[in-house]
Amino acid sequence: MSSASFASVRRSVAPLELFFDLVFVFAIGQLAEHLLHELSWRGAAETAVMLVAVLSTWALTSFDATFLDVARARTRWLVLAVMGLGLFMNAQIPHAFAGRPWAFAVPLVAILLLVDLAAAVTAPTPVLRRHYRRVTAWAVVSVPLWLIGAAMDHGPRLVWWAVAAAVDMLGVWLAHPLPRDRLSSRDLVFDAEHMVERIRLFIIIQLGETVLTIGTAISGAPVDAATVTAGLGVFVALVCLCASYFQGGEDILARHVAATADKLLPVRRAVSGQYPTLAGLVALAVGAELAISHPTGHGSTTLGLLLFGGPILYVITQAWWYRASTGQAWGVRLLACLALALAGAVTLRLPPLVSVLVLDLVLVALVIALRGVHHRVLTGMASGTRA
């Protein structure tokens with residue numbers, strides 16, 4: 001298929017792609033479980049390393065399904081293979097730093113090599129095959145680090161895997177450049193609208209899995225006024241985080257991508273933003289479980305970092321994307337992050353239930369403010385288009 005004909009294809013998101021996303025969003029519950037049982041700075045670092053591994057494989061495979069066309073039989077088989085490997089890998093998250101490092105590392109390495117090599121060989125255009133040869137070169141660096149880390153004891157394993165995760169994440173963020181071989185995203189034919197819809201649906205699924213994780217915490221807690229109030233308060237916070245993007249924010253992304261000459265760049269930024277977004281949701285899920293379990297207990301620094309730090313990561317990532325891509329709708333998000341940080345400090349020693357209610361107040365105010373901001377930005381975009 002030529003570049004021109006390949007560019008003319010506009011595909012809707014396939015059911016197989018949504019099925020694939022479910023396998024990887026399953027990792028949210030696993031990551032939250034690991035962090036909950038390892039509530040320490042080291043436990044947070046371990047969770048972050050595995051989160052990067054999960055999202056890097058999701059990002060690479062999702063780009064492949066878009067670049068290589070999931071309607072092609074060989075691409076469908078590739079996605080199915082990654083799903084199987086990813087399901088096993090994600091199931092090992094609670095045990096990866098304990099007794100089953102190889103059970104986590106081997107499917108991860110298999111995904112990296114399978115995705116990169118398959119794309120380097122089967123990509124439909126020469127420029128795309130060249131791009132995936134560069135992606136493979138980055139995998140050649142990270143794969144040995146994952147394997148060496150699996151062979152190490154628990155202590156040094158974190159260092160090796162952290163370096164490997166950093167290589168994979170930087171590759172996604174920077175589009176896998178090589179010395180004197182940096183490919184402009186303008187040179188790549190890309191169905192940006194398809195990937196925008198993938199990101200939109202992936203965020204919905206992430207939020208949905210977080211709801212399930214919080215719901216499990218509610219089901220395990222006693223039914224009394226404080227617990228019910230804490231559970232409802234956490235639910236309100238999650239609804240507000242959802243509304244902060246889905247009450248016009250996703251339309252800003254779609255219109256910006258449609259209007260820009262370099263359609264791949266804002267999509268790359270949106271995919272890169274999934275790392276802190278998912279980290280924020282995992283932190284919120286763990287903080288919510290702590291608050292729901294002991295709503296009238298004593299506050300703590302750990303609870304404050306999780307309960308307020310999670311939403312800060314989520315919202316500040318949105319602020320970064322809007323500032324970098326459109327230059328609009330980011331200021332109010334930044335102010336909300338400052339308000340969340342202040343609220344976390346003020347409620348540090350107060351009961352968790354109070355922290356949840358204060359969190360709700362800040363997030364509800366953010367949603368109300370964003371409703372007007374998004375409307376103004378979209379109106380300006382429409383006027384610019386007509387002009």
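**Figure 1. The largest pocket has a volume of about 550 Å³.** A pocket here is an open set of points on a 1 Å grid over the protein atoms alone, with protein on both sides within 12 Å along at least five of seven lines. Lining residues have an atom within 4 Å of a point. Volume is the space filled by probe spheres set on the points, with grid points joined across faces, edges and corners. Of the 22 lining residues, Leu35, Trp41, Ala44, Ala283 and Leu306 are the closest to the centre of this pocket. Helices α3, α7, α12 and α13 each give two or more residues to the lining. Elements are DSSP runs numbered from the N terminus (helices H or I, at least four residues; strands E, at least two). The lining has 17 nonpolar, five polar and no charged residues. Nonpolar covers Ala, Val, Leu, Ile, Met, Phe, Trp, Tyr, Cys and Pro; charged covers Asp, Glu, Lys and Arg; the others, Gly among them, are polar. The model is predicted: local features need pLDDT of at least 70, side-chain atom pairs count only at pLDDT 80 or more, and totals for chains, interfaces and linings use all residues. Residues are numbered from 1 along each chain as its sequence is written, and side-chain values use heavy atoms, with hydrogens and water left out.

**Figure 2. The largest cavity has a volume of about 200 Å³.** Ile203, Tyr245, Gln274, Gln318 and Trp321 are the closest to its centre, out of 15 lining residues. A cavity is a set of grid points where a 1.4 Å probe fits but cannot get out. Four cavities of 30 Å³ or more are counted in the model. For the largest cavity, at least two lining residues each come from α8 (192–219), α11 (264–272), α12 (274–293) and α13 (301–325). Helix α13 gives the largest share, six residues. By class, nine lining residues are nonpolar, five are polar and one is charged.

**Figure 3. The second largest cavity holds about 70 Å³ of space.** Its lining includes Ser56, Leu60, Leu112, Asp116, Val135 and Trp138. Ala139, Val167, Asp168, Gly171, Val172 and His176 also line this cavity. Helices α3 (41–67), α5 (101–122), α6 (126–151) and α7 (154–174) each supply at least two lining residues. The largest share, four residues, is from α7. Seven of the lining residues are nonpolar, three polar and two charged.

**Figure 4. Glu17, Asp21 and Arg198 are linked in a network of salt bridges.** A salt bridge is a side-chain nitrogen of Lys or Arg within 4 Å of a carboxyl oxygen of Asp or Glu. The model has four salt bridges by this rule. Arg198 meets Glu17 at 3.1 Å, N to O. Arg198 lies in helix α8 and Glu17 in helix α2 (residues 15–37), so this pair ties together parts 181 residues apart in sequence. Asp21 and Arg198 meet at 2.6 Å, N to O. That pair also links distant parts of the chain, with Asp21 in helix α2 and Arg198 in helix α8, 177 residues apart. Arg198 is buried, with a relative accessible area of 1%. Glu17 is buried, at 1% relative accessibility. Asp21 is buried. Buried means under 20% relative accessible area, exposed over 50%, partly exposed in between (1.4 Å probe, protein chains only).

Figure 5. Glu197 is partly exposed, with a relative accessible area of 29%. Arg200 is partly exposed, with a relative accessible area of 28%.
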